[in-house]
Structures are given as structure tokens and as C-alpha cells.
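Subject: Handover of a structure and what was found in it

Dear colleague,

Please find below the structure that I am handing over to you. The findings follow directly after it.

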Amino acid sequence: MTLELGPFFEQHPLPHLLFDLDSLEFLAANEAAAKRYGYPVERLVRMTWADLLLPCELPVLRRFIEGLPGSATTQPQHVWQERRADGKRLYSDVRGAPWQ
């Protein structure tokens, strides 16, 4: 399922990805995220966050999700290691909260 979130989300200059907390499937992505990760938006919304993360990050991600919303405010925040379509390593500062 993909979502239409409107021009603020779609045109924002920073990368934004909305994902399902259980499946990690991306529900929406903006053009800035597509540029950062090297995939078209249409491809990103058929992927999961696990597809972008380095494998060592998956247990950290599960702990982060299980600890929400408190884990999103813990300082210092974890720096996530991800990869682009071309395999280049990225480092991400992820912010967010569960969407009801």
C-alpha cells in the first residue's frame, strides 16, 4: 500500500520515508529520498527499511521499534548505517514517531 501525503511531504528538500512498524515496508517516499538512495520513488515503495540497512542494524532497529515512542527521544540517538542502490554506505539520523 502506498500513501499520497501531499505536496509538503513530496516536495520537502529532506529525505522522508514512511514505513510500517511491523513489516518495515515503505508506505511513502519523497523525491529527496529517491535521490539519496539512488532508487526511483516507485521502487522505494516496494522495498523495506531492512533492504536499505546494513544487516548488523536489524537487531538495533527492532529494539528501537519496540521502545517507541521513548526510543525516538533517547539521547544520543543511534546513527543508522544504510546503503544506496550503488552499494555506497550512508549514515542516517532517523527521527519520527508512530503514526496512528
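Phe19 and Trp49 are both buried in this model, which is a predicted one. Trp49 and Trp80 form a tilted aromatic pair, with 5.2 Å from centre to centre and 55 degrees between the planes. This pair links distant parts of the chain, since Trp49 belongs to helix H4 and Trp80 to strand E3, 31 residues apart. Trp80 has a relative accessibility of 1% and therefore counts as buried.

The structure holds three aromatic pairs. Another of them is made by Phe19 and Trp49, again tilted, at 4.9 Å centre to centre and with 45 degrees between the planes. Here too distant parts of the chain are linked: Phe19 is in strand E1 and Trp49 in helix H4, 30 residues apart. The C-alpha atoms of these two residues are separated by 7.4 Å. Phe19, Trp49, Phe64 and Trp80 form one aromatic cluster.

Which residues does Trp49 contact, leaving aside its neighbours within four places in sequence? They are Phe19, Leu24, Phe26, Leu61, Trp80, Glu82 and Val94.

Leu24 is placed in the loop between E1 and strand E2 (26-29), and at 3% relative accessibility Leu24 counts as buried.

In soluble globular proteins, nonpolar side chains tend to be buried together. The largest nonpolar core has 23 residues, of which Tyr37, Leu44, Trp49, Leu52, Leu61, Phe64 and Trp80 touch the most other members. At least two residues of this core come from each of E2, helix H2 (31-37), helix H3 (41-44), H4 and H5. For Leu52, the contacts beyond four places in sequence are Leu17, Phe26, Tyr37, Tyr39, Leu44, Met47, Gln81, Glu82 and Arg83.

Helix H5 (residues 58-66) has Leu61, Phe64 and Ile65 as its buried residues. Seen down the axis of H5, these residues fall within an arc of 95 degrees, so they line one face of the helix. An α-helix has 3.6 residues a turn, so residues three or four places apart point the same way. On the other side of H5, Arg63 and Glu66 are exposed. The buried residues of H5 are covered by elements that include strand E1 (17-19), helix H4 (49-52) and E3.

One joins Leu68 and Pro69, with omega about 5 degrees. The other joins Gln75 and Pro76, with omega about -10 degrees.

Strand E3 (residues 80-83) and E4 pair in the antiparallel sense, over four bridges, and Glu82 stands opposite Leu90 in E4. The two strands form a hairpin with five residues between them, and Gly87 in the turn has a positive phi of about 90 degrees.

Side chains of opposite charge can pair when their charged atoms come close. The structure holds one salt bridge, in which the side chains of Arg84 and Asp86 meet at 3.4 Å, N to O.

With kind regards

Methods: Residues numbered from 1 in each chain as written. Predicted model: local features only at pLDDT ≥ 70, side-chain atom pairs only at ≥ 80, totals over all residues. Heavy atoms only, no water. Pairing = 2+ DSSP bridges. Buried < 20%, exposed > 50% of the residue type's maximum accessible area, 1.4 Å probe, protein only. Arc of directions from axis to C-beta. Contact = heavy atoms within 4.5 Å. Salt bridge = Lys/Arg side-chain N within 4 Å of Asp/Glu carboxyl O. Core = buried A, V, L, I, M, F, W, Y, C linked by side-chain atoms within 4.5 Å. Phe/Tyr/Trp six-rings, centres within 6.5 Å; stacked < 30°, edge-to-face > 60°.
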